[in-house]
Amino acid sequence: MTNKRILIIDDEADIREATKLCLEVAAGWEILTASSGIEGLQTAASEPLDAILLDVMMPDMDGLTTFEKLQANPKTQNIPVILLTAKAQPAEQRQFTQLAVTAVITKPYDPLTIASYIAEVLN
Amino acid sequence: MMDRQTINSSSIDSLEILLHRMMNRIRQSLELPTILNGTVAEVRAFLGTDRVKVYQFHPDGNGKVVAESVQSQRLPSLLGQNFPAEDIPPAARELFLRARQRSIVNVSLQQIGVSPLDCLETGEVLDVDDIRFRPVDPCHAEYLTAMGVQSSLVVPILHRDQLWGLLVSHHADPRQVTERELQVVQLVADQVSIAIAQSTLLSQTRAQAQQEATINRVATLLHSMTEMKLQQALEQIVSALKGIGGRVYISAQDSGQAQLLTCGMQPVLSEKRKNQSSRQKRTQNSKFKTQNSSTHVAAPVEQYPSWQSCFSEEMQSGENGVWAIADLYQSTVPSDLVQAFLDNQIRGVLVVPLRYRQQQLGYLSVFRQAVEVETLWAGRYDQDDPRHLRPRKSFETWRELKQEQADEWSTSEIELAQALGSHLAMAIHQYELYRQVRALNADLEKDIQERKQAEIKICALNAELEQRVLERTVELQRSNEELVRQISERDRAWQERKQARASLERLSHQNELILNSAGEGIYGLDAQGKTTFVNPAAARMLGYEVEELTGKSMHEILAPSQPGETPNPDNPIYATLQEGTVNHVAEDLFRRHDQSSFPVEYVSTPIREADEIVGAVVIFKDITERQIVEQMKDEFISVVSHELRTPLTSIRTTLGLLSSGWLNAQPEKSQRMLEIAFSNTNRLVRLINDILDIERIKFGKVTMEKQACNAADLMSQATDVVRAMADKAEVYLAVMTTEAQLWVDPDRIIQALTNLLSNAIKFSPTAATVSLMAELQTQHIIFEVKDQGRGIPEDKLETIFDRFQQIDTSNSRSQGGTGLGLAICRSIVQQHGGKIWAESKLGKGSSFYVSLPLSHQSESNQNEA
């Protein structure tokens with residue numbers, strides 16, 4: 001897999017840590033993390049990124065707001081965003097798929113295949 | 001002169017013998033001729049004269065020798081010969097009658113001896129019975145001489161104070177009559193008078209008997225029970241009255257027809273009279289019938305006006321109403337009538353009006369023709385000859401024959417006619433009555449026959465009626481039974497109907513109650529989509545009054561999501577009306593009166609009558625709350641899903657890394673992954689426990705094991721539970737217990753206090769103080785858990801008690817919170833009848849209060865018992 005720089009934005013520290021380690025050891029990608037939307041926007045605007053794994057349900061600024069802001073910022077609007085969410089209700093899923101996101105990955109994802117899936121959708 | 005004492009005894013004996021013999025003669029017979037003949041014979045024998053005769057006066061004054069004893073060689077017989085009245089002058093008659101004077105004429109001596117018995121002037125009986133002689137009238141002497149008589153003895157015979165006749169003794173030679181002889185003859189004359197009286201009485205009796213016999217015969221004929229033999233009766237009457245003809249004219253009675261019966265000779269009408277009669281007939285329009293061989297077509301004479309007027313006059317003046325005309329020539333009868341009779345040689349008529357009481361029934365007429373009268377006169381007598389005043393010279397028998405003489409109606413005949421007329425009238429009346437009765441009888445018979453026929457018919461009808469009645473009775477019985485059965489069925493049906501009606505009313509009432517009570521809106525539509533009924537819930541939900549919706553197009557009012565006006569094929573309600581389908585629409589929008597919309601779920605069901613869709617009923621309900629609940633449920637599921645998936649994600653990722661072997665060479669990272677996995681596993685366990693706990697408490701599936709507790713004990717125990725946690729967080733824990741008796745589940749109250757204390761510790765900075773206090777009020781005890789944390793925004797003070805409503809999720813979770821602690825606390829407090837709330841000031845800390853009711857004495861007592 002080609003090297004990629006991936007930003008994970010999630011308020012859950014354990015998930016950030018485990019997902020970062022999973023992508024690093026599975027695909028060898030460089031993983032950046034942010035614990036909130038605001039922090040994620042700052043990182044995305046400042047760092048070259050190949051993709052952003054964005055959690056939806058976060059305090060203060062949820063993932064959808066964060067996505068809108070990423071889209072609104074020319075610096076970040078072209079960065080592929082993959083929603084990584086624990087919201088698995090069909091209505092929620094339909095809502096997510098209507099957004100201009102690259103993919104939606106439902107928690108709990110399969111740690112053995114997530115890297116290859118991300119690589120696939122990014123291609 | 002010789003008195004009675006001079007009669008010697010032999011003479012007396014001879015006289016007695018004579019008288020005795022004469023009396024015997026008289027007694028031997030009641031027949032006057034016999035008596036008279038015997039008398040004259042005895043007297044002549046006694047006197048020894050040539051001729052002894054009995055001369056009887058006629059009513060007209062003439063006389064006739066009715067008995068005679070004659071010495072034929074001495075004097076001629078005068079028997080049967082008549083003598084004119086002039087032969088015995090009235091003076092002589094007067095003496096005969098009033099003085100009973102006897103006369104003795106001695107022609108040769110030209111003397112006459114008279115011997116009255118009674119005084120001429122006074123009529124008293126004279127004591128002296130002598131004979132006084134005086135010269136005889138020369139005419140008298142001449143008369144006797146002409147007769148050849150020289151001696152005569154005349155003794156009057158009186159009857160009923162009338163001069164009946166004379167007992168005369170003639171002798172051709174001169175002869176002296178002694179007083180004795182005169183006495184004897186006088187005695188004989190007296191006996192003759194008696195005999196005449198007896199004989200007259202006998203004759204009258206016989207005549208009466210004959211009349212009665214005639215009347216009886218006629219009456220028998222008339223009063224025949226079977227038939228009035230009027231014709232025979234008429235013949236009997238005509239015969240009895242010595243008529244040559246007769247007729248009975250019966251006036252028109254109730255039968256309306258006059259009747260005429262004739263017998264023998266009848267009056268005839270001339271052509272002129274016939275014509276008159278015809279005219280009269282026509283004008284009178286009379287009807288009559290005749291019963292005789294000769295039928296008269298003309299009207300009877302009785303119908304002549306002249307008859308009726310004449311007869312009426314005659315009736316008024318006639319004797320006993322009888323019209324007795326012996327000689328029509330001498331009558332005052334109108335000439336046309338007279339001619340009608342005379343044309344047929346009818347000379348005399350006897351008309352008896354037939355009356356019964358005051359009713360004029362008709363006339364009985366008997367006719368007589370003229371008769372020839374032959375009279376033997378003693379010597380020719382010419383009344384017209386003036387010489388008749390002179391004594392006749394000859395007494396030679398002269399036969400006088402008079403033709404066309406009227407035949408007088410005697411009194412007895414008139415009486416007989418009257419009697420017969422009475423019987424006839426009575427018979428006619430009775431016959432008329434009989435006829436009427438017979439007619440009535442006939443009518444009655446007819447009526448009886450008709451009634452019998454009617455009775456037969458009635459009997460038949462009765463029988464038929466009885467049969468019908470019987471059949472009808474049977475039918476009625478059947479009908480009755482059927483009726484009873486029907487009534488029973490009807491009663492039962494009525495009861496059933498009553499019950500059904502009651503049920504219907506109950507159901508209707510229930511339906512109305514249901515409709516009124518139903519939370520769902522219900523309305524009915526007719527086939528055109530117009531509202532027929534709306535229940536209050538529907539009206540209320542739509543913001544209308546019920547009356548405003550009835551009769552309106554509900555589709556236009558409600559404006560459901562399916563566009564267009566009713567009928568709209570796309571509208572499910574229209575489909576129900578058209579196709580009869582039951583359509584369930586889970587979600588739609590109805591419009592309220594204020595034009596706002598609200599979500600509804602409805603079911604449209606067709607209303608059918610006799611397989612025809614006549615409308616639809618729509619049941620809808622406002623699903624706003626349900627949608628909210630569902631939304632909340634969805635959100636809860638979403639949150640729970642998220643909360644469950646979050647630790648699972650960590651666990652799966654870490655365990656996946658470990659199981660992949662990628663971290664085999666990195667034991668520190670492996671260890672770290674294990675810790676993350678373990679930590680998230682614990683989190684997951686707590687989460688699951690809290691979720692289950694809150695659901696069980698909420699739905700009452702966790703029984704509160706209430707008991708008497710001391711508030712201070714509960715506060716101490718809760719503090720003990722979190723003391724380690726406070727120590728670890730370097731937070732001071734301050735407890736100020738309050739003694740109070742509570743009736744609570746101590747474990748659950750400790751759990752609630754523990755949750756509040758742990759939350760306070762979690763969100764308190766290091767070295768801060770978390771306090772647990774209690775304030776005792778009248779009815780409640782209020783626990784307070786106070787921290788010195790960052791505080792809670794005002795708008796979150798309520799929502800924080802909802803599930804998964806954490807203010808800072810990441811921090812909370814980092815502190816091991818599940819987001820359900822406060823929700824569990826609220827459920828526990830509510831299960832104890834208490835309240836929980838929070839007060840906070842941002843940057844200064846928060847206070848959570850729990851209010852619980854103090855222990856109830858009753859409950860305490862109950863528990864203690």
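**Close-up views of chain B**

**View 1. A hairpin made by β19(B) and β20(B).** Five residues lie between β19(B) and β20(B), which form a hairpin, and in the turn Gln595(B) has a positive phi of about 70°. The model shown here and in the other views is predicted. Strand β19(B) covers residues 583-591 and strand β20(B) covers residues 597-609; the two run antiparallel and are joined by seven bridges. In this pairing, Phe590(B) stands opposite Phe598(B) of β20(B).

**View 2. A hairpin made by β20(B) and β21(B).** Strand β20(B) also pairs with strand β21(B), residues 612-622, in the antiparallel sense, and 10 bridges connect these two strands. Thr605(B) has Val617(B), in β21(B), as its bridge partner. Two residues separate the strands of this hairpin, and Ala610(B) takes a positive phi near 50°.

**View 3. The contact of chain B with chain A.** Chain B gives 26 residues to the contact and chain A gives 24 residues. On the side of chain B that touches chain A, the elements that give two or more residues are α15(B) (624-660), α16(B) (667-698) and α19(B) (809-814). The largest share of this side comes from α15(B), with 16 residues. By residue type, the side of chain B that touches chain A holds seven nonpolar, 14 polar and five charged residues. The size of an interface is often stated in another way, as the accessible area lost when the parts come together.

How values were computed: Residues numbered from 1 in each chain as written. Chains lettered and ligands numbered in written order. Predicted model: local features only at pLDDT ≥ 70, side-chain atom pairs only at ≥ 80, totals over all residues. Contact = placed C-beta atoms within 7 Å. Helix = DSSP H or I, 4+ residues; strand = E, 2+ residues; numbered from the N terminus. Nonpolar A, V, L, I, M, F, W, Y, C, P; charged D, E, K, R; others polar. Pairing = 2+ DSSP bridges.
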